[in-house]
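Open the model in your viewer and keep the selection tool at hand. The tour goes from stop to stop, with something to pick at each one.

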Amino acid sequence: MDFDFIVVGTGSVGAAAAFHASRSGLKVLMVDNGHPPHDLGSHHGQTRLMRHAYGEGEKYVPTVLRAQALWEELERETGERIFERTGVVNIGPAGAAFLGRVRASAERWNLALQVMGPAEVRARWPQMTLPDGLVALYEPGAGVLRSEASIRAHVRLARDAGAVEAFGTPVRSVASDGNGVTVVADGGRWRARKVLVSAGTWTTTLFPELPVTPVRKIFTWHETDGRYEAVSGFPGFVSELPSGNQFYGFPAEDGILKIGRHNGGQPIGSPDERLPFGALDSDAHEVSEFLDRVLPGVGAIRHGASCTYDNSPDEDFVVDTLPGQPDVMVVAGLSGHGFKFASVLGEIAAGFAGGRNPGFDLSPFSLSRFGQYGR
Ligand SMILES: Cc1cc2nc3c(=O)[nH]c(=O)nc-3n(C[C@H](O)[C@H](O)[C@H](O)COP(=O)(O)OP(=O)(O)OC[C@H]3O[C@@H](n4cnc5c(N)ncnc54)[C@H](O)[C@@H]3O)c2cc1C
């Protein structure tokens, strides 16, 4: 056996897995088709939101709280800026299911959450307008993660702990034979006891049968007048408007505010189809509805980027072993909300490599919830 554990795709989750596994004494190989962090996957654009009172469902809260602790550990160990507690405000129609789940999560897990109406929002953030019928749930403990910096840190620490890397090396196949797993890549062929497939969107090129749809997404950076920075108390935000469109964004940095639309996008079948920002006429207007209604003072687009979501049918994660291949774990279908979990998903995958119990109920993330993968 060449390795105890091979990580196929060393992006957000893979880098964290390599770090935890190599720290626990395993012999680890990190493989990636690029040189992470990079802009080929889903982790570029510097920042990602961290929320704890979780609109996608209470079932995520135990893992997200562990993820938060791990990000803070990474920050302490490296001395780098990984997490900034800017607060995040959840905005939506008073009866929205997403907001209901935010409230239920906060109540059950005793998370600080402030309910705010239009007048309170205007008093606290005069830059923000809450349209009629919308409410705001502000989570002061939430904030912003530095995605690229944390991948860089995980890779470096994994390397320091002895992990070997094969970067710039696309993997072509992963196959278990009951005595171990063979990973074949351009320029390499290795055997390991356990493998993690954390190839993000393009997990589909290795296992096309998995229920994951790659979707092209864009995000844009806008000019502001300086009132939208975290130092001015401006928070991160996620929002659902009465139209059903969902938006998210970050406090401005150096006068530039980043924002994106969570729903929508263009399903694609190969990396070449991820056209750059600006290739579609609709790119320029993607977030206009939100800016016009909620942040009317934010200015023109400075630049934009395209990225990909790997959407599962129910937009919940897949964290499971493959049917008939109990030594291959797959983490996929993170559906545009997975970065915040990368630290804990990496710890869980390293536990799988080391034969340890995950310590969390992963049944909501099983493949068998999609009937054809039942076992
Ligand atoms: C625009 C945008 C905004 C987002 N905002 C948020 C947010 O605010 N909060 C949040 O929590 N999440 C957010 N997300 C989601 C989050 O970024 C992703 O869920 C997360 O980064 C996915 O992690 P991953 O490890 O699965 O994929 P990645 O980080 O993309 O890593 C996969 C790696 O596998 C490599 N790879 C793929 N195929 C192969 C192969 N065949 N051989 C070798 N290597 C391969 C890739 O190059 C890549 O490095 C956002 C995503 C996007 C696109």
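Buried here means under 20% relative accessible area, exposed means over 50%, and partly exposed lies in between. The model on screen is predicted.

**Stop 1: Gln68**

Select Gln68, which sits in helix 2. Is Gln68 buried or exposed? Its relative accessible area is 7%, under the 20% cut-off, so Gln68 counts as buried. Now show its surroundings. Leaving out residues up to four places away in sequence, Gln68 touches Met50, His52, Phe83 and Arg85.

**Stop 2: helix 2 against helix 8**

Two packed helices are described by the angle between their axes and the distance between the axes. The axes of helix 2 and helix 8 come within 7 Å and cross at roughly 95 degrees. Angles of 65 to 115 degrees count as roughly perpendicular, so helix 2 is roughly perpendicular to helix 8. Color the contact residues. Helix 2 contributes Thr63, Arg66, Ala67, Leu70 and Trp71. From helix 8 come Ala342, Ser343, Val344, Glu347 and Ile348. By class, this contact has six nonpolar, two polar and two charged residues.

**Stop 3: helix 8 on its own**

Select residues 342-353, which form helix 8. From first C-alpha to last, its twelve residues reach 16 Å, close to the 16 Å expected at 1.5 Å a residue. How many of the residues of helix 8 are buried? Eleven of the twelve are, and the helix is mostly covered. The buried residues are Ala342, Ser343, Val344, Leu345, Gly346, Ile348, Ala349, Ala350, Gly351, Phe352 and Ala353. Show what lies over them. The cover includes helix 1 and helix 2, along with strand 1 (3-8), strand 12 (188-197), strand 19 (318-322) and strand 20 (325-332). Then step just past the helix to Gly355, where phi is positive at about 75 degrees.

**Stop 4: helix 1 against helix 8**

The crossing is right-handed. On the helix 1 side, pick Ser12, Val13, Ala16, Ala17, His20 and Ala21. They meet Ala342, Ser343, Leu345, Gly346, Glu347, Ala349 and Ala350 in helix 8. The residues of this contact divide into eight nonpolar, four polar and one charged.

**Stop 5: helix 5**

Jump to residues 147-160, helix 5. At 1.5 Å a residue, its 14 residues should span 20 Å. The end C-alpha atoms are 20 Å apart, which agrees. Ten of the 14 residues are buried, so helix 5 is largely enclosed by the rest of the structure. Highlight the buried set: Ser147, Glu148, Ala149, Ser150, Ile151, Ala153, His154, Val155, Leu157 and Ala158. Among the elements covering them are helix 1, helix 2, strand 2 (28-32), strand 3 (47-50), strand 8 (143-146) and strand 9 (164-167). Just after helix 5, select Gly162, which takes a positive phi of about 110 degrees.

**Stop 6: backbone exceptions**

Most residues other than glycine have a negative phi, and most peptide bonds are trans. Go to the loop between strand 2 and strand 3, where Pro37 is found. The peptide bond from Pro36 to Pro37 is cis, with omega near 0 degrees. Gln46 is placed in the loop between strand 2 and strand 3 as well. Its phi is near 70 degrees, a positive value in a residue other than glycine. With a relative accessible area of 44%, Gln46 is partly exposed.

Next, pick Asn110 in the loop between helix 3 (97-109) and strand 6 (114-116). Asn110 is not a glycine, yet it has a positive phi of about 60 degrees. Is Asn110 buried or exposed? At 71% relative accessibility, it counts as exposed.

**Stop 7: Ala96 and Gly244**

Finish at Ala96, in the loop between strand 5 (88-93) and helix 3. Ala96 is buried, with a relative accessible area of 11%. Along the chain, Ala96 and Gly244 are 148 residues apart, while their C-alpha atoms are separated by 9.6 Å.

Note on methods. Residues are numbered from 1 along each chain as its sequence is written. This is a predicted model: local features need pLDDT of at least 70, side-chain atom pairs count only at pLDDT 80 or more; totals for chains, interfaces and linings use all residues. Side-chain values use heavy atoms; hydrogens and water are left out. Axes are lines fitted to C-alpha atoms, for helices over the stretch in contact, and angles run from 0 to 180 degrees between N-to-C directions. Helices (H or I, at least four residues) and strands (E, at least two) are DSSP runs, numbered from the N terminus. A crossing is left-handed if the near helix is turned anticlockwise from the far one by less than a right angle, and right-handed if clockwise. Contact means heavy atoms within 4.5 Å. Ala, Val, Leu, Ile, Met, Phe, Trp, Tyr, Cys and Pro count as nonpolar, Asp, Glu, Lys and Arg as charged, and the others, Gly among them, as polar. The expected span of a helix is 1.5 Å times one less than its number of residues. Buried means under 20% relative accessible area, exposed over 50%, partly exposed in between (1.4 Å probe, protein chains only). Angles under 35 degrees count as roughly parallel, over 145 as roughly antiparallel, 65 to 115 as roughly perpendicular and the rest as oblique.
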